[in-house]
Each structure stands twice: as structure tokens, then as C-alpha cells.
Amino acid sequence: FSAVSVIRTKRDGGVLRDAEIDWVVDAFTRGEVADEQMAALAMAILLRGMTTAETARWTQAMISSGERLDLTGLPRPTVDKHSTGGVGDKITLPLAPLVAACGAAVPQLSGRGLGHTGGTLDKLEAIPGWRASLGRDEFRTQLADVGAVICAPGGSLAPADHKLYALRDVTGTVESVPLIASSIMSKKIATGTQALVLDVKVGSGAFMKSVPAARELARAMVELGTAHGVRTVALLTNMDTPLGYAVGNGVEVAESVAVLAGGGPADVVELTVTLAREMLTAVGLPDADPAAALADGRAMDVWRRMIRAQGGDPDAPLPAAAETEQIRAAADGVVSQVDAFAIGEAAWRLGAGRARKEHPVSAAAGVLLHRRVGDPVRVGDALCELRTDDPATLPAARAVAAAAFQVGSEPPAPSLVIERVT
Ligand code: URA
């Protein structure tokens, strides 16, 4: 095989043979196919697409580049969740302990934020002492004892994806359904979970801006999971407006704890409970009652054990920002839009996100909404609060956050869950 012939085949719209896919993924992982060759192939795939069979083989090759964890022998069924990323999407934080409280084990290997979307690990690192890295034995012991683990993936899972994703990120080749589906699913299948629920975000704050695009991605991922023996279901959910009131790191932990205490914003509770039901049904626990486990404190008990098991102090105060500023309404009316992308960008500028992978994030930075879609406002009312450690970030964040809000007449109530894909 040669990298150039594989690139040419895809460039000209051909279908790659199984052996070509196996070879190119393996040779790239070993460094024999150069980054610039893989980048050219990724661009050809983005422009020409891949057939269902090619995508399945590509996914298998990425899984085979590393190890597949063996989670058999645990006392509970395993079920994982993946979100394609949004603004204010802290759902994993209350969801993993909730599902564990209802009898399943949740092996949640999570990521960090890049661009305007936050990362679960960045949020949890706002908790003093909490650590994202676990050894393999610690991972398994915690999964058996506590029932929920949220941690960083070790380097042994789908290393081909790790390398390829970094390359796609800097070569304009992220937005390809077969590449996104194979990237996400290779990592999820390699964790060894029995079942998987996908939250595919649609809207301004999401990767996928339209329902048809999100549906295509959801179908591709469900098909890949099912073909690998993982019971997979996807929900398409709205990401035109942030989830909940809190966007950032520590501020999202606080909102998650409010949900675990039986309160919290209605949309965060609704999505958490809906995803929990899907996860529990997928592993044969359809009679579990996640709403009751939030109300009676069982989910909170698991959260506290989960945080402590990873060195965190669930009672420690979360970091406070050095500077805060209110954005105020310029007109009377009803809030008709709070744009997710703009709020995500404001939080990112304030220091909650990073511009480069190696940059640190601020635990205290973010945006706290005071008004959401449908709320009445009067001139001068606070629409949101900006929080940062670095006052130099305020002018740019202020402009972006103010433009996120539109005040008009009564808006339609957006529905949170748009569609279910099986
Ligand atoms: N998340 C991933 O893990 N991979 C992609 O390609 C896109 C989002």
C-alpha cells in the first residue's frame, strides 16, 4: 500500500478497500504515514464522504489501534453517555451519579473543552483536590464500589483517534459525519460499555446546526454502536440556548449540585432525568425511578462518594471570581432569545475555556444568566453576570454577552428533546 494511492482513491470519489483502511490507520498510528498525508486523506473524506461499510471499517481500525477495556464481571450492568457538546451542558455531572444510584455502573471517560463548548473534566477540576486521572485498577474498583466514574481516558484507548483528532482540529477537517461518528464511537466502544446513550446537540451552540445534519450523525453513530454489540440510542436535543443558568466551570458544578439536591433549573432536571431513563432502560432497568433518586438524596450520596474517591472535597467552597459585572437590559419586554454560541464565546473570553489545548482554564470564570427565554424584563434589569479573574477580558466578553440577548414579544417555548433515534 502507499498513502498516496489511498489519498488519490478517496480524492477521486472511490471506495477504500478494507485492507487499505486497516493499513492506513495502523501506519498513521505508528508514524509511518505522515501527518500531512493523513490530513490530505481527512480532507478527501470530508469532501467525498465514506460509505456505511467504510465508516464501520474505519471505526474498527481506530478501536484496534489500542485496547478495548474489559468491564465484564462487574456486579452491575454498564452504561455510558456521550454529548456532542454544548453551552452550559453540565448534564454528565448529575447524570452519572444518578444512574449509579438507580443500579447501573457508569464508566464515563470525558474530555476537556475547546472553543466555545466546555469540557466535563475542566468543570470537575474546579472542585478542590479532585483529580481526573485514574489508574486502571482505581477505575475498576471505583466503578464496582461507587458505580460512577468520570475521568480522563488513558492513552491506550483509540490512540489513532487521539492523533487524528488533533490533526483534524488544525486542518479544517472536523465537520465530517463519518469522521465525527467514527471518532466518538471508537472511543466509546473501546471503553467496553454494554450500552450507550448519545445526546446529539442541535442549534447555534452545537456542532450540528440543523436537525437533518444532527439526525444523519445520530443515525451513523447508532449504527456503529449496534454493529459492535453496544445497545445505542440517540436523542437530538436543543442547543440554541444554554442549558440552565450557569456557563463556565465552578459555576456549572454549583448548578449540578443544586440538581442533585432536588432543585436546579427545570431544563437541566428534565434532560438529566430523560437521559437517565434512556440509560436505565437500555440496561434492563426500566422500572428505576431517577426522579425519586434525585428527590430523596440517593443521587447526592453517590455524587459525594464519587468526588471523594477521586480526591475531591464535596464540601469545599468553589473558587470565587476576582471581578464580576452585570449586563443590563436596554429595553422592556420579554426575552425572546439567549444565543448559546454567544454566551459560550463570552464564557470562553472570560477564561472558562481555552484557545489552545495546552492552556489552563479558570475555575471561577463564566457567565451566570439572570434571565432566560420567556422571562419578562424591564430596562436596567440584570440579564446576566460576567465572572472573571482577569479584568482585561471584560470589554470583549461584555459586547458578546450583550448581543446574545434579544428582547421582544412572547417567544415560542422551545422543546428540549427534538427526536429519538434508534
Ligand atoms: N468529538 C469527538 O470526540 N470527535 C469528533 O470528531 C468530534 C467531536
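Entry 1, the model. I am working with a predicted model.

I looked up how α4, which spans residues 52-64, meets α10, which spans residues 211-227. Their axes lie 11 Å apart, and the packing angle is about 60 degrees. Roughly perpendicular begins at 65 degrees, so I put α4 and α10 down as oblique to each other. The crossing of α4 past α10 is right-handed.

I then listed the residues that make the contact. From α4 I have Thr52, Thr55, Ala56 and Thr59. From α10 I have Ala220, Glu223, Leu224 and Ala227. Sorted by class, the contact of α4 with α10 has four nonpolar residues, three polar ones and one charged.

Which residues surround the ligand? I noted Tyr165, Val174, Leu179, Ile180, Ser183 and Ile184. Which helix gives the most to this shell? Helix α9, residues 177-190, does, with four residues. I also checked the classes: five residues of the shell are nonpolar, one is polar and none is charged.

For the stretch 334-408 I wrote down 32% helix and 29% strand. The C-alpha atoms at the ends of this stretch are 5 Å apart.

Methods:
Residues are numbered from 1 along each chain as its sequence is written. This is a predicted model: local features need pLDDT of at least 70, side-chain atom pairs count only at pLDDT 80 or more; totals for chains, interfaces and linings use all residues. Axes are lines fitted to C-alpha atoms, for helices over the stretch in contact, and angles run from 0 to 180 degrees between N-to-C directions. Helices (H or I, at least four residues) and strands (E, at least two) are DSSP runs, numbered from the N terminus. Angles under 35 degrees count as roughly parallel, over 145 as roughly antiparallel, 65 to 115 as roughly perpendicular and the rest as oblique. A crossing is left-handed if the near helix is turned anticlockwise from the far one by less than a right angle, and right-handed if clockwise. Two residues are in contact if their C-beta atoms, placed from the backbone, lie within 7 Å. Ala, Val, Leu, Ile, Met, Phe, Trp, Tyr, Cys and Pro count as nonpolar, Asp, Glu, Lys and Arg as charged, and the others, Gly among them, as polar. A residue is near a molecule or strand if its C-beta atom, placed from the backbone, lies within 6 Å of it.
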